[in-house]
Amino acid sequence: MILAQSAVFGLLIGSLYGLAAVGLTLVFGVLKILNVAHGELIMLGGYAAFWLFALWHVDPFVSVLPTGAALFLVGILLYRTLFGRLLRAGEETKLKNSILIGFGLALVLQTIALAAWTGDERAVTTSYAGGVLPLGGIVIPLARLGALAVAFVVVALLHVFLHHTYPGKAIRATAEDVDAASLAGIPVPAVFLTAFGLGSALAGVAGTLAAVTDTVSPSIGLAWTLKALIVVVLGGLGSVAGAFVAGCGLGVVESVSGILLGNAYREVVGLVLFLAVLAVRPRGLFARG
């Protein structure tokens, strides 16, 4: 029963890993750039949820909408001022320079957050924060269950958008072959802009849900970026569904290994799994080919 309880907790945490990674893998799959400041966007989403709740008592599960919209606009701004300039470079140069820009951006955003809100940890404490749902011998925290449900809905809506709308199909076509998409009349620059904005919006939603289940501070960005990178590689670079499934799986593995081996080794087990997948299937578990 203890292992079952631990697995449930792992799934609840892993759904946030997956949602955080989905935005990162979407941007990489379409633009072939790696935004290592993705975790800082998650941090900004968490602060947005906190202040909306602290100042106007907006429930965090409602604030996912304005927060996602706000981070979409932030993503548009970052693309136009920083990352969009890289797309004319070769693929290797583009990747390297995007990493350098991302590190610089991460430091800037962290410093701004520290100056604006200090280094204190903040949390969204709702009336249902301590509520649980008993299910047999397993106890499920209501806040984390709500975060899991929202994460599933967001990923499902993204799937519908990418597979059943013209803009979504244009994004997928551009991810497959930029030149062919351009020859087919797809406005590739607009697709790049939209994809980067969507990736940032997903980071904002992940940050909002993280604020419900955990604390927010200016320093959390790096940890989220590293976790998202691990999940992206496990799921397969550019695979949205793979990233979400891999995130859920990683959460379960880490949580169960914490019970079996001790909490000191849970992160190590995740890294060992990461290295094993790289050795056996470098393209990721769910990558095509």
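Colleague: What makes the span of helix α2 close to the one expected?

Modeller: In this predicted model, helix α2 (residues 38–56) has 19 residues and reaches 27 Å from its first C-alpha to its last, close to the 27 Å expected at 1.5 Å a residue. After α2 comes H57, with a positive phi near 55 degrees.

Colleague: Why is the pair of F50 and W51 called edge-to-face?

Modeller: The ring centres of F50 and W51 are 4.9 Å apart and the planes stand at 75 degrees. Pairing needs centres within 6.5 Å, and planes over 60 degrees apart count as edge-to-face, so the pair is edge-to-face.

Colleague: Why is F50 called buried, and why is W51 called partly exposed?

Modeller: Buried means under 20% relative accessible area, and partly exposed lies between that and 50%. F50 has 13%, so F50 is buried. W51 has 26%, so W51 is partly exposed.

Colleague: How do you know that the pair of Y17 and W224 links distant parts of the chain?

Modeller: Y17 lies in helix α1 (residues 2–31) and W224 in helix α9 (residues 221–235), 207 residues apart. Both residues are buried.

Colleague: Why is α5 called roughly perpendicular to α6?

Modeller: The axes of helix α5 (residues 142–164) and helix α6 (residues 166–176) come within 5 Å and cross at roughly 80 degrees. Angles of 65 to 115 degrees count as roughly perpendicular, so α5 is roughly perpendicular to α6.

Colleague: Which residues make that contact?

Modeller: F161, L162, H163 and H164 of α5 meet P167, G168, K169, I171 and R172 of α6. By class, four are nonpolar, three polar and two charged.

Key
Residues are numbered from 1 along each chain as its sequence is written. This is a predicted model: local features need pLDDT of at least 70, side-chain atom pairs count only at pLDDT 80 or more; totals for chains, interfaces and linings use all residues. Side-chain values use heavy atoms; hydrogens and water are left out. Axes are lines fitted to C-alpha atoms, for helices over the stretch in contact, and angles run from 0 to 180 degrees between N-to-C directions. Helices (H or I, at least four residues) and strands (E, at least two) are DSSP runs, numbered from the N terminus. Angles under 35 degrees count as roughly parallel, over 145 as roughly antiparallel, 65 to 115 as roughly perpendicular and the rest as oblique. Contact means heavy atoms within 4.5 Å. Ala, Val, Leu, Ile, Met, Phe, Trp, Tyr, Cys and Pro count as nonpolar, Asp, Glu, Lys and Arg as charged, and the others, Gly among them, as polar. The expected span of a helix is 1.5 Å times one less than its number of residues. Buried means under 20% relative accessible area, exposed over 50%, partly exposed in between (1.4 Å probe, protein chains only). Rings of Phe, Tyr and Trp (its six-membered ring) pair if their centres lie within 6.5 Å; planes under 30 degrees apart count as stacked, over 60 as edge-to-face and the rest as tilted.
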